[in-house]
Amino acid sequence: MTTDELRIAVQPLGQGIWRCAAPNNMCSCVIFAGERAVLVADSMVTPSLARQVKTAVQQLANKPVRYLFNTHGDSDHILGNQEFWPESVLLSHRLTRERLLTEGDGAVQMAKASRPNLAPELDQVRVVAPEVAFEGTLELDLGGMLVECIHMGPAHTSGDVAVWIPNRRVVFAADLIFNRVFPVTRNADVRGWLRALDRLDELQPEVVAVGHGDVGGPELIGQMRELLTTVRDGTLDALSRGLSLEEALQEIRFPAYEGLPRAEERIPQAIQRIYKNEGMRIE
Ligand SMILES: [Zn+2]
C-alpha cells in the first residue's frame, strides 16, 4: 500500500474525543477538543496521514490544533510533526524532546527500514522536535476538558506519557499498551513498564485507546501486564539457568503470543532486550 492509498479511520471515544487510526495498526492518534482549544496526541507516521488528521479536526471540531503532543519519540508517533508546526505548539516530555533533538532524522531512517513502501514520502520528512518540554505531569485546560499528560516512563521508552481526561475517564495509553499486536521493546525497560501499567490501573479509566490495536476498556491493561510478565519470567528463567542469549533465543517459546502480528521479529527482540537489561543485575 503506498502512502496515497492509506486512509485513516475516525472513531468517537466520548464527547469531544476521537481516535484516528491508519490501516493494519500502523499508527494512531487521538483528538481532544475542548470549548476553547484542540490538542492532538501524536502525529502519525507520515505527513499525508497527519494532513488527514488535520482535516478531521476541521470537520469535527472546527478549530485549529493549538497543541500537538508527542506521547513518546518513536517514528510512528512523530513523523507528521512538520504538518502541525509552527501553527501548533509542539509538546512532549523532556526525555522525548532530547531524544528527537539527538537522533534528528534517524527516526526517518528507522521508519523507512521497517516500512519500505512509505520511503518515497518519508524522504520528504524533516523531524521537528517538540519546542515545549515538561517533567512529571502537565495539565492543559482546553475549556470544559482538562487534559493531564502523565509521565509513565521508563517503560516502552524513557519518555512515555499517558494522556488522561479525568472527567471523561478516557486515557490514551499510546504504546504503553499494544492490543493484539506483539509490543516493540527495542528501547524498553520492562520492570518500569509493569509499574506504568499499575499506574494506568490506578487511574481507573473506562475507555483505553492504544497506539497499536483496537480501543478497549481497562481489561487491556491486565492483558498487557500478562504478556509482559510471561515474556519477562520466561526470559529470566533462561538467564537463571545460565543460558547464553543465543541458546535462549533458540529455546524460549511463548505459544500464547506467537500468533500475534509482528511476533516473529519482536519476540526475539524482547528476549534480547531483557537479557541486556537484566543480565547485569543477575550476575
Ligand atoms: Zn508506536
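**First look**

Reply: Start with the overall size. A compact globule of 283 residues would have a radius of gyration near 19 Å, and the protein has 18 Å, which agrees. Keep in mind that this is a predicted model.

Me: What box do the C-alpha atoms fill?

Reply: Roughly 60 × 40 × 30 Å, taken along the principal axes.

Me: How many helices and strands are there?

Reply: The protein has 10 helices and 12 strands.

Me: And what share of the residues is buried?

Reply: Buried residues make up 47% of the 283. On contacts, take those between residues at least 6 apart in sequence: 65% of them join residues at least 24 apart.

Me: OK, sheets. What is the strand order in the sheet of 7 strands?

Reply: The order is β1-β2-β3-β4-β5-β6-β7. The sheet is open, and its pairing is mixed. The edge strands are β1 (9–14) and β7 (132–134), each pairing on one side only. From one strand to the next, the twist averages 25 degrees.

Me: Zoom in on β6 and β7. Parallel or antiparallel?

Reply: Parallel, over 3 bridges, with β6 covering residues 89–93. L91 stands opposite V132 in β7.

Me: Which helix packs on the sheet there, touching β5, β6 and β7?

Reply: That is α4, residues 94–103. Its direction makes about 110 degrees with that of β6.

Me: Which residues of α4 are buried?

Reply: L95, T96, R97, R99 and L100. These buried residues pack against β5, α2 (75–78), β6 and β7. After α4 comes G104, with a positive phi near 55 degrees.

Me: What about α1, where does that one lie?

Reply: Helix α1 (residues 47–61) lies across β1, β2 (17–21), β3 (28–33), β4 (38–41) and β5 (65–70). It runs at about 30 degrees to β3.

Me: How far does α1 reach from its first C-alpha to its last?

Reply: α1 has 15 residues and reaches 20 Å. That is close to the 21 Å expected at 1.5 Å a residue.

Me: Which of its residues are buried, and what do the buried residues of α1 pack against?

Reply: The buried ones are P47, L49, A50, Q52, V53, K54 and V57. They pack against β2, β3, β4, β5, α3 (81–84) and α6 (119–122).

Me: Why do residues three or four places apart point the same way in an α-helix?

Reply: An α-helix has 3.6 residues a turn, so residues three or four places apart point the same way.

Me: And what comes just after α1?

Reply: N62, which takes a positive phi of about 50 degrees.

Me: Next sheet. What is the order of its 5 strands?

Reply: β8-β9-β10-β11-β12, in an open sheet with mixed pairing. β8 (137–141) and β12 stand at the edges. Each has a single partner strand, so one side of each is left without a neighbour in the sheet. Direction ignored, neighbouring strands here are turned by 25 degrees against each other on average.

Me: How do β10 and β11 pair?

Reply: In the antiparallel sense, over 3 bridges, with β10 at residues 161–165. The bridge partner of W164 in β11 is V171.

Me: And β11 with β12?

Reply: Those two pair in the parallel sense, over 5 bridges. A174 has V210 in β12 as its bridge partner. β12 (residues 207–212) is mostly covered, with 5 of its 6 residues buried.

Me: Which helices go with β11?

Reply: Among them are α7 and α8. Helix α7 (residues 190–203) packs on the sheet, touching β10 and β11, and makes about 160 degrees with the direction of β11. Helix α8 (residues 219–240) lies across β11 and β12 at about 15 degrees to β11.

Me: Last topic, the core. How many residues are in the largest nonpolar core?

Reply: 85. Those with the most contacts inside it are I31, F32, V40, A162, V163, A173 and L176. Strand β11 (residues 170–178) gives the most to this core, with 8 residues.

Me: What does L176 touch?

Reply: Leaving out residues up to four places away in sequence, L176 touches M152, A155, H156, D160, A162, A196, L197 and L200.

Methods: Residues numbered from 1 in each chain as written. Predicted model: local features only at pLDDT ≥ 70, side-chain atom pairs only at ≥ 80, totals over all residues. Core = buried A, V, L, I, M, F, W, Y, C linked by C-beta atoms within 7 Å. Buried ≥ 20, exposed ≤ 12 C-beta atoms within 10 Å, placed from the backbone. Helix = DSSP H or I, 4+ residues; strand = E, 2+ residues; numbered from the N terminus. Contact = placed C-beta atoms within 7 Å. Pairing = 2+ DSSP bridges. Axes fitted to C-alpha atoms, helices over the stretch in contact; angles between N-to-C directions. Rg over C-alpha atoms; globule rule 2.2 N^0.38 Å. Expected span 1.5 Å × (residues − 1).
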